Amino acid sequence: MAKITKDTLIMDIVQINPDAVRILQSYGMHCLGCALAHMETIEQAVGVHGVDLEKLLEELNNLAE
């Protein structure tokens, strides 16, 4: 499975692992249906939502294991 990095687009994360939706939503990222999700990286999204990028990346990548 592809590794999720700070440069991965939000919608690509969902395609990599659909279970990522619940993690993203637990961090207040409910914008998965908005147009920005197709153009915004996870790094850009956490900046808007005030989320710890490294912690989120760790959780998302642990889903693949």
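Which side chain of opposite charge is nearest to E40, and how far away is it? I had this predicted model open and started there.

**Entry 1: E40**

I looked up the place of E40 and found it in the loop between α2 (20–26) and α3 (42–49). E40 is buried, yet I found no salt bridge for it. The nearest side chain of opposite charge belongs to K6, and that is 14 Å away.

**Entry 2: α3 against α4**

Two packed helices are described by the angle between their axes and the distance between the axes, so I looked up both. For α3 and helix α4 (residues 53–62), the angle is about 130 degrees and the axes are 10 Å apart. The two helices are therefore oblique to each other. Their crossing is right-handed. On the α3 side, I42, E43 and V46 make the contact; on the α4 side, L53, L56 and L57 do.

**Entry 3: E54**

Still in helix α4, I checked E54. Is E54 buried or exposed? I got a relative accessible area of 57%, and the cut-off for exposed is over 50%, so E54 is exposed. I also looked up E54 against T5: they are 49 residues apart in sequence, and 9.3 Å apart in space from C-alpha to C-alpha.

Technical notes
Residues numbered from 1 in each chain as written. Predicted model: local features only at pLDDT ≥ 70, side-chain atom pairs only at ≥ 80, totals over all residues. Heavy atoms only, no water. Helix = DSSP H or I, 4+ residues; strand = E, 2+ residues; numbered from the N terminus. Buried < 20%, exposed > 50% of the residue type's maximum accessible area, 1.4 Å probe, protein only. Lys, Arg positive; Asp, Glu negative; His and termini not counted. Salt bridge = Lys/Arg side-chain N within 4 Å of Asp/Glu carboxyl O. Axes fitted to C-alpha atoms, helices over the stretch in contact; angles between N-to-C directions. Parallel < 35°, antiparallel > 145°, perpendicular 65-115°, else oblique. Left-handed = near helix turned anticlockwise from the far one by under 90°. Contact = heavy atoms within 4.5 Å.
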